[in-house]
Amino acid sequence: MSGFAFCVCGARVTALAPKQAVTESGELVWIHLTSSNEEAEAWLRGDAGLPDYIVESLIAAETRPRCDQIGEGALLNLRGRSSDAMPMSDPLASVRIWATAGRVISVTRRPLTAVTLVCDLVKAGKVHDPGDLIAEFAVAITEELDPDVADLGDQLDDCEAMLDPGMVFELRRTVTRVRSQAIGYRRFLSPQRATLEKLAALPVGWLRDDDRLHLVAAADRAARMAEELEAIRERAALTHEALTDLRAEQIDARALIISIVAMVFLPLTFLTGLLGMNVKGIPYAEKPWAFDGVVAVCVLLAVGITLFFVARRWFR
């Protein structure tokens, strides 16, 4: 079982092993596990003494943002950036938290970058109780995601500015990727906003007023990012339609040119095919000027048909 633990007593912060932290007491005892193997599950059920339904929520393979009050404790799931490569359909890693007065147990299956940031704050003595710890988690996660959402908007702005028939395939790949990422982020940011709002309103004594204010601010930021992602998704759909229209116009223009060329050569092909038959009775077959005459007729037909198309403005 891998992980770490901290015990905060006033200005003193003590680093411990998870198994040693069970018997510690203070303003905050934070135990973080970075694995969900059988040993960690056994520790949660045995040494930590957590009920089965809480353990199952902490080690679940699939999670979405949620907040449930259980007695004087809170069971919380949040999603944030990971240092691992994540699939586009599930771009955010989860942290599962069980918090009570003076004690927080968190579990991650994949490395969460917010854990490192919060860990540094604890070591620096800026986190004093469970309310501070969870508020810092919420703030760190939303602050990390904000630049990613803004970058998606910037990429879409560039695609909209570069709409050109010659770059249809490259732009369509970029727009599709941006749209997929926006959908993946929005899938978790919308319920995460509701989760933080619900947590801020929980009637538990270990959440102070300033903690609730930080949670509300993080929820508002998550709501703004969710709205921005929805706008990006809609803009990406419109941009994709515009690129599809450009591609259709390209195909129509090329098909028109091919059709015009075919129509110019169709009567010429008929004429030359007719005169090229190996049968008796072809007019002027024995005349020395017959070949030049046929060529002249073909040229006149081609010029006449081309002028007809130009007059009808088929080339525009």
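The buried residues of helix α8 are A290, C298, A302, I305 and F309. Buried means under 20% relative accessible area and exposed means over 50%, with partly exposed in between, using a 1.4 Å probe and protein chains only. Those five cover an arc of only 115 degrees around the axis, which puts them on the same side of α8. The arc is taken from the directions from the helix axis to the C-beta atoms.

Some housekeeping: this is a predicted model, where local features need pLDDT of at least 70 and side-chain atom pairs count only at pLDDT 80 or more, while totals for chains, interfaces and linings use all residues. Residues are numbered from 1 along each chain as its sequence is written, and side-chain values use heavy atoms, leaving out hydrogens and water. Helices are DSSP runs of H or I, at least four residues, numbered from the N terminus.

What does the buried side of α8 pack against? Its buried residues pack against α7, residues 209-275, with contact meaning heavy atoms within 4.5 Å. On the face turned away from that side, the exposed residues are D292, L300, L307 and A311. After α8 comes R313, with a positive phi near 60 degrees.

Now the largest pocket. Its lining includes L271 and L275, as well as W289, A290 and F291. α8 gives the most to this lining, with five residues. By class, the lining has 11 nonpolar residues, one polar and no charged.

Terms used: Helices (H or I, at least four residues) and strands (E, at least two) are DSSP runs, numbered from the N terminus. On a 1 Å grid over the protein atoms alone, a cavity is a set of points where a 1.4 Å probe fits but cannot get out, and a pocket is an open set with protein on both sides within 12 Å along at least five of seven lines; lining residues have an atom within 4 Å of a point. Ala, Val, Leu, Ile, Met, Phe, Trp, Tyr, Cys and Pro count as nonpolar, Asp, Glu, Lys and Arg as charged, and the others, Gly among them, as polar.
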